[in-house]
Amino acid sequence: MRKKHDWLRETYQKSLEKMPERPVAHRTLSNIAPEPLYTPEDIGVLDPEYEEKRGFPGEYPYTRGVYGSMYRSKLWTMRMFAGFGTAEQTNERFKKLLKAGQTGLSVAFDLPTLMGYDSDHPLSKGEVGKCGVAVSSLADMEILFDGINLEEVTTSMTINSPANAIWAMYLAVAKKRGYDWKRLGGTIQNDILKEFIAQKEFIFPPEPSVKLVIDTFEWGPKNVPKWNFISVSGYHIREAGSTAVQELAWTLADGFEYVEAALKRGLDIDEFAPRISFFFDVHNDFFEEIAKFRAARRIWAKEMRYRYGAKNPQSWMLRTHAQTAGVSLTAQQPLNNIARVAIQALAAVLGGTNSLHTDAYDEALALPTEESATIALRTQQIIAYETGVTHTIDPLAGSYYVEWLTDEMERQAMAIIEEIRRMGGVVRAIEEGYFLRELAEASYRYQQEVERKERIIVGVNAFTDEIPLKVPIQLVDPEVERIQAERLARVRRERDARRVAEALEGLRRAAVEGQNTMPHFVECALAYCTLGEMMDVLREVYGTYQEPAYV
């Protein structure tokens with residue numbers, strides 16, 4: 001078995017050359033200095049499966065983390081999900097969160113934007129700015145990131161069906177301000193398969209929807225090489241009622257489906273795979289969530305290396321964002337949610353997440369207030385700086401239970417992945433109603449357990465004595481719709497109509513002829529075409545999707 005001192009010399013030191021250890025006291029409160037890593041040899045035991053199943057941080061199979069020095073050198077990115085009302089309001093919230101110590105931005109868009117409609121569309125009425133920020137054109141995006149250096153902050157955007165258009169608007173802002181695209185970092189969610197499985201915010205049928213995703217795989221590495229052009233998302237699958245094992249299996253199955261679609265287009269796996277990222281939910285079952293992250297990295301590494309033939313170790317690395325479970329938050333006794341979020345965030349960190357959002361305690365009632373969002377951020381900072389969990393890498397490795405549970409989750413998840421493959425892949429499984437049936441069964445079973453009090457939810461089905469509490473509610477001013485409509489009218493009035501027409505025609509032609517759409521989306525954004533105009537072009541070419549009724 002490989003010795004720890006070899007890893008320290010060959011991997012850890014090389015990692016420190018790129019990113020030195022953080023200048024903090026890596027010591028316990030009793031002044032004990034933990035080593036960067038512990039392995040079976042530290043307690044004098046022989047583990048014949050250690051290298052195959054656990055390995056070392058920064059090395060295949062990445063069970064113990066994708067980077068050699070992990071949090072000893074760099075903490076996870078603290079990326080709070082934020083967005084509401086107008087671009088001006090969200091820009092103000094961004095700046096306050098950055099001032100409070102947040103290290104990355106994460107944009108929530110409103111429902112019209114998620115569905116590819118302009119704010120003044122009849123179907124947008126009553127929804128503008130409600131569950132996120134309204135973005136209908138480059139003018140909104142320019143305001144959203146006003147005064148923020150896009151080369152110094154990484155930005156994540158939770159957008160799926162219109163992802164190409166929204167990303168193009170962001171890149172257009174950077175271009176107009178003179179930023180180098182090759183220096184930009186961030187992520188677009190861009191995971192349309194999970195929309196058909198769980199969240200249901202799709203526009204086009206599955207086949208052209210996946211085609212648009214692969215356009216970003218092809219165009220992204222050449223033009224914005226530091227950008228993650230997809231975040232394969234288990235979060236929404238779990239929020240829809242899946243189990244942790246289903247979330248793990250279905251998310252990875254989606255990732256493999258995208259890999260296969262990219263390979264069919266003739267793309268080089270080692271060019272696009274390093275920019276695939278992931279996004280997992282973190283629920284209340286503490287050890288199960290930790291094991292889920294560890295199993296996810298190992299499954300992805302094995303499949304990418306041996307099934308798909310990737311040669312670059314970066315193609316084997318599963319890098320992930322995590323978010324505490326919104327579905328676990330309760331409207332009853334909402335302050336209890338602070339404890340839930342802290343436990344979930346700790347599980348994500350012990351599981352080795354690379355980025356983390358912590359929910360605010362009042363999100364079961366309304367949009368987070370500035371105060372509740374700051375408390376959620378402070379929760380991460382307390383974990384990072386006060387608990388000691390960052391002193392050594394993967395501190396729960398070697399736990400009999402954690403290692404057994406990691407193996408068991410890998411076994412069960414791979415059985416589900418193989419079942420999906422036998423069905424013909426994720427798209428075929430969507431068409432046959434597989435995911436809908438499985439979600440219905442899992443969520444029904446959980447609800448029955450709660451109602452029978454086999455699972456206790458504090459403040460909901462037990463310990464329900466209400467504590468008098470007045471929680472401030474963050475509401476969105478209805479004036480947002482008027483402001484957005486006026487801005488859109490001004491954009492349409494002042495832009496170059498000829499350039500708009502030419503840009504939209506170029507997008508239409510690319511869609512009809514099966515060309516890569518991304519250059520045309522960028523041109524549309526720079527011409528101040530609206531989001532609705534771009535999506536309407538594709539609606540005409542691709543059609544729209546209506547989910548069939550399943551029995």
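User: What share of the 551 residues in the protein is buried?

Analyst: Buried means under 20% relative accessible area, exposed over 50%, partly exposed in between (1.4 Å probe, protein chains only). Buried residues make up 60% of the 551 residues here. A word on the source: this is a predicted model, where local features need pLDDT of at least 70, side-chain atom pairs count only at pLDDT 80 or more, and totals for chains, interfaces and linings use all residues. Residues are numbered from 1 along each chain as its sequence is written, and side-chain values use heavy atoms, with hydrogens and water left out.

User: What radius of gyration does the protein have, and what would a compact globule have?

Analyst: The radius is taken over C-alpha atoms, and the globule rule is 2.2 Å times the number of residues to the power 0.38. For 551 residues, a compact globule would be near 24 Å; the protein has 23 Å, which agrees. Its C-alpha trace spans about 75 × 60 × 55 Å along the principal axes.

User: How many helices and strands are there?

Analyst: Helices (H or I, at least four residues) and strands (E, at least two) are DSSP runs, numbered from the N terminus. The protein has 23 helices and nine strands. Now contacts, meaning heavy atoms within 4.5 Å. Among those between residues at least 6 apart in sequence, 79% join residues at least 24 apart.

User: Which residues touch the most other members of the largest nonpolar core?

Analyst: In soluble globular proteins, nonpolar side chains tend to be buried together. A nonpolar core is a set of buried Ala, Val, Leu, Ile, Met, Phe, Trp, Tyr and Cys residues joined through side-chain atoms within 4.5 Å. The largest one has 154 residues, and Met157 and Phe217 touch the most other members. Apart from it lies another core of six residues, including Val128, Ala134, Leu367 and Val480.

User: What is Met157 in contact with, leaving aside its neighbours within four places in sequence?

Analyst: Its contacts include Val107, Phe109, Met141, Trp167, Tyr170 and Trp227. Thr187 and Gln189 are also among them.

User: How many salt bridges does a search of the whole structure find?

Analyst: Side chains of opposite charge can pair when their charged atoms come close. The cut-off for a salt bridge is a side-chain nitrogen of Lys or Arg within 4 Å of a carboxyl oxygen of Asp or Glu. The search finds 51.

User: Where do Lys292 and Glu289 sit?

Analyst: An α-helix has 3.6 residues a turn, so residues three or four places apart point the same way. Lys292 and Glu289 are three residues apart in helix α13 (residues 286-307), so about one helical turn separates them. Their side chains form a salt bridge at 2.6 Å, N to O. Both Lys292 and Glu289 are buried.

User: Which parts does the pair of Arg294 and Asp394 tie together?

Analyst: Arg294 and Asp394 form a salt bridge, with the closest N and O atoms 3.1 Å apart. Arg294 lies in helix α13 and Asp394 in the loop between α16 (370-386) and α17 (400-423), so the pair ties together parts that are 100 residues apart in sequence. Arg294 is buried at 0% relative accessible area, and Asp394 is buried at 9%.

Asp407 and Arg298 form another salt bridge, at 2.5 Å between the closest N and O atoms. Asp407 is in helix α17 and Arg298 in helix α13, 109 residues apart. Both Asp407 and Arg298 are buried. A network of salt bridges links residues including Arg294, Arg298, Asp394 and Asp407.

User: How many disulfides does a search of the whole structure find?

Analyst: A disulfide is a pair of cysteine sulfur atoms within 2.5 Å. The search finds zero. The sulfur of Cys524 is 4.1 Å from the closest cysteine sulfur, in Cys529, too far for a bond. Cys524 is buried, at 0% relative accessibility. Cys529 is buried too, at 0%.

User: What phi does Phe463 have?

Analyst: Most residues other than glycine have a negative phi, and most peptide bonds are trans. Phe463 is not a glycine, yet has a positive phi of about 55 degrees. Phe463 lies in the loop between α19 and α20 and is exposed, at 63% relative accessibility. Lys453 also has a positive phi, about 65 degrees. The loop that holds Lys453 runs between α19 (434-451) and α20 (479-494).

User: Is the peptide bond from Tyr60 to Pro61 cis or trans?

Analyst: The bond is cis, with omega near 5 degrees. Pro61 is in the loop between α2 (50-54) and α3.
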